[in-house]
Amino acid sequence: MSRYDRRDLGLLLLRLGTGGVLAAHGTQKLFGWFGGGGIEGTGQFMEAVGYVPGKVSATAAGLAETGGGTLLALGLATPAAGAAAAGAMAGAAAVHTPNGFFNQGGGYEYAAALGLTAAGLAVTGPGRLSVDHLLGHAVNRGWMIPAAFAATAAGTVLVVGARTRRLRKAKEGEQDPLFDEEYLE
């Protein structure tokens, strides 16, 4: 197998793995599959973590993950697919950031890994074993990469920024205890 063929096979494996995981996560949000909460349950969770309105946020995240993941797996519209999935994972990482990096402690490690892989695939391209290649890269042009990331970055900054402001405002007026309870005994 030539080096070029190995690259295409490697990209296919990355696309199938990352796209499949993203699509599965998205269907949990949209349809309640694989033990997910569906729009209703995910919407309630989204509201609880500051993404308001919850159902709209759940739908947007579910579509970005399901659609982006499916398109990545197929290797179709790869720049838009990877950027959409990366944006969704940036929103997820924002929720987990207070817990630190590692997933074991509820951190953002998993969301970051999925998002960075999706972004890397958007930049690298899908390889020859893809629908994009079959279509002559009609929806995978070089100019589409910065356009997709610019649009996704703008949307992500607006949504995550609104969430951050909402959480900050909710915390105003709250006071942390002056002493830990264990020292008062």
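**Exercise 1.** Leaving aside neighbours within four places in sequence, which residues is M144 in contact with?

*Solution.* The model is predicted, so local features need pLDDT of at least 70 and side-chain atom pairs count only at pLDDT 80 or more, while totals for chains, interfaces and linings use all residues. Residues are numbered from 1 along each chain as its sequence is written, and side-chain values use heavy atoms, with hydrogens and water left out.

Step 1. Apply the contact criterion, which is heavy atoms within 4.5 Å. With the sequence neighbours set aside, M144 is in contact with P79, A138 and V139.

Step 2. M144 lies in helix α7, residues 144-171. Helices here are DSSP runs of H or I with at least four residues, strands are runs of E with at least two, and both are numbered from the N terminus.

Step 3. Assign its exposure. Buried means under 20% relative accessible area, exposed over 50%, and partly exposed in between, with a 1.4 Å probe and protein chains only. M144 has a relative accessibility of 17% and therefore counts as buried.

Step 4. The C-alpha atoms of M144 and A122 are separated by 9.5 Å, and the two residues are 22 residues apart along the chain.

**Exercise 2.** Describe the fold and the chain-level totals.

*Solution.* Step 1. Count the secondary structure elements. The chain has eight helices and zero strands, which gives the pattern α-α-α-α-α-α-α-α along the sequence.

Step 1. Take the dimensions. Along the principal axes, the C-alpha atoms fill a box of roughly 70 × 30 × 30 Å.

Step 2. The chain has 185 residues, of which 37% count as buried. Among contacts with a separation of 6 or more, 65% are between residues 24 or more positions apart.

Step 3. Consider the surface. The accessible surface is about 10700 Å², and 65% of this belongs to carbon and sulfur atoms. Such areas come from the Shrake-Rupley method with a 1.4 Å probe, and for residues only the protein chains shown count as cover.

Step 4. Consider charge. There are 14 positive and 14 negative side chains, and the centres of the two sets lie 16 Å apart. Lys and Arg count as positive and Asp and Glu as negative, with His and the chain ends not counted; each charge is placed at NZ of Lys, CZ of Arg, CG of Asp or CD of Glu.

**Exercise 3.** How many salt bridges does the structure hold, and which parts does R128 tie together?

*Solution.* Step 1. The structure holds five salt bridges.

Step 1. Take R128 and D5. Their closest N and O atoms are 2.5 Å apart. R128 lies in the loop between α5 (109-124) and α6 (131-134) and D5 in helix α1 (residues 3-31), so the pair ties together parts that are 123 residues apart in sequence. R128 is partly exposed at 33% relative accessibility, and D5 is partly exposed at 30%.

Step 2. Take R128 and D8. This salt bridge has its closest N and O atoms 2.7 Å apart. Because D8 is in helix α1 and R128 in the loop between α5 and α6, the pair ties together parts 120 residues apart in sequence. D8 is buried, with a relative accessible area of 1%.

**Exercise 4.** Where is K29 placed, and which residue does K29 meet in a salt bridge?

*Solution.* Step 1. K29 is in helix α1.

Step 1. The side chains of K29 and E65 meet in a salt bridge, 3.0 Å from N to O. E65 lies in helix α3 (residues 54-74) and K29 in helix α1, so the pair ties together parts 36 residues apart in sequence.

Step 2. Both partners are buried: E65 at 3% relative accessibility and K29 at 18%. Elsewhere, salt bridges that share partners join D5, R7, D8 and R128 into one network.

Step 3. Not counting residues up to four places away in sequence, K29 touches G38, I39, T42, A58, A61, G62 and E65.

**Exercise 5.** Is F102 buried or exposed?

*Solution.* Step 1. F102 is found in the loop between α4 (78-96) and α5.

Step 1. F102 has a relative accessible area of 55% and is exposed.

Step 2. F102 touches G107 and E109, not counting residues up to four places away in sequence.

Key: Salt bridge = Lys/Arg side-chain N within 4 Å of Asp/Glu carboxyl O.
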